[in-house]
Amino acid sequence: MRIVSAALRYVNEGDPENDKWFNTSTIYGTAIGGFQALGLLLRVAPEKLSAISLSAWSKWIPILLKYPYGESGRLNLQPLLIQAAYSRTPGEIIARLEQAIDSENDSNGYLFVIHKMDLCWDERLGAALLAKAREPHLKQPVVRELLQRLLEHNVTGSRELAKSFITVPPPDS
């Protein structure tokens, strides 16, 4: 299939121009094209995902994390693509996830990107997000969402961190 070959070529050779849009409110069309090419490969030729270089996976991580994509009632590609990328480049995913958390913290004080990581939880991700939750510059709703996810996944140290936020006796209003 020529379209599958074209998608694979675009994923390996295309430029998502991440430096121009990541951590802004804009997403470049070149990045969206990469997301769509990855989605096509996942849907119709999943065996081709193994032909994607590690450097190509790394360059598409920002769009996998930031694209406001969702499908209800059908295959939800985004978590599956993030899982595929995480299995190949976990350190790069974690680094970009931390950047996305900082961006969401600074722009709106709420955390949306964490939900996209549901298929990737392991000790490495848990430890990185626990360390992130300890950063003093994070706003309370972001820390709350991180802690909720950490506790749901029984990450070692998350209970202790949650307890550290409890003041006894409670402060006066």
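**Helices, loops and burial in a predicted chain**

Reader: Where in the chain is the place of Asn23?

Author: The model is predicted: local features need pLDDT of at least 70 and side-chain atom pairs count only at pLDDT 80 or more, while totals for chains, interfaces and linings use all residues. Residues are numbered from 1 along each chain as its sequence is written, and side-chain values use heavy atoms, leaving out hydrogens and water. Helices (DSSP runs of H or I, at least four residues) and strands (runs of E, at least two) are numbered from the N terminus. On that numbering, Asn23 sits in the loop between α2 and α3.

Reader: Is Asn23 buried or exposed, or in between?

Author: Buried means under 20% relative accessible area and exposed over 50%, with partly exposed in between (1.4 Å probe, protein chains only). Asn23 has a relative accessible area of 34%, so the class is partly exposed.

Reader: What is phi of Asn23, and what is phi of Glu17?

Author: Asn23 is not glycine, yet has a positive phi, near 70°. Glu17 lies in the loop between α1 and α2 (18–21). Glu17 is also a residue other than glycine with a positive phi, and that value is near 55°.

Reader: How many helices and strands does the protein chain have?

Author: From the N terminus on, the order of elements is α-α-α-α-α-α-α-α-α. The C-alpha trace spans about 65 × 30 × 30 Å along its principal axes. The secondary structure comes to nine helices and zero strands.

Reader: What should helix α1 span, and how far apart are its end C-alpha atoms?

Author: The expected span is 1.5 Å times one less than the number of residues. Helix α1 (residues 2–13) has 12 residues and should span 16 Å, which agrees with an end-to-end C-alpha distance of 16 Å.

Reader: Which helices do the buried residues of α5 pack against?

Author: Among the buried residues of α5 are Leu77, Leu81, Ile82 and Tyr86. The buried residues of α5 pack against α3, α4, α6 and α7.

Reader: Which residues does Thr89 touch, not counting residues up to four places away in sequence?

Author: Thr89 is in the loop between α5 (77–88) and α6 (90–107). Its relative accessible area is 10%, so Thr89 is buried. With that sequence exclusion, Thr89 touches Leu54, Trp57, Ser58 and Ile61.

Reader: How far apart in space are Asp118 and Lys48?

Author: Asp118 is in the loop between α6 and α7 (123–133). Asp118 counts as partly exposed, because its relative accessibility is 39%. Asp118 and Lys48 are 70 residues apart in sequence, and their C-alpha separation is 23 Å.

Reader: What share of the residues in the protein chain is buried?

Author: Among contacts between residues at least 6 apart in sequence, 70% join residues at least 24 apart. Of the 173 residues in the protein chain, the buried share is 46%.

Notes. Contact = heavy atoms within 4.5 Å.
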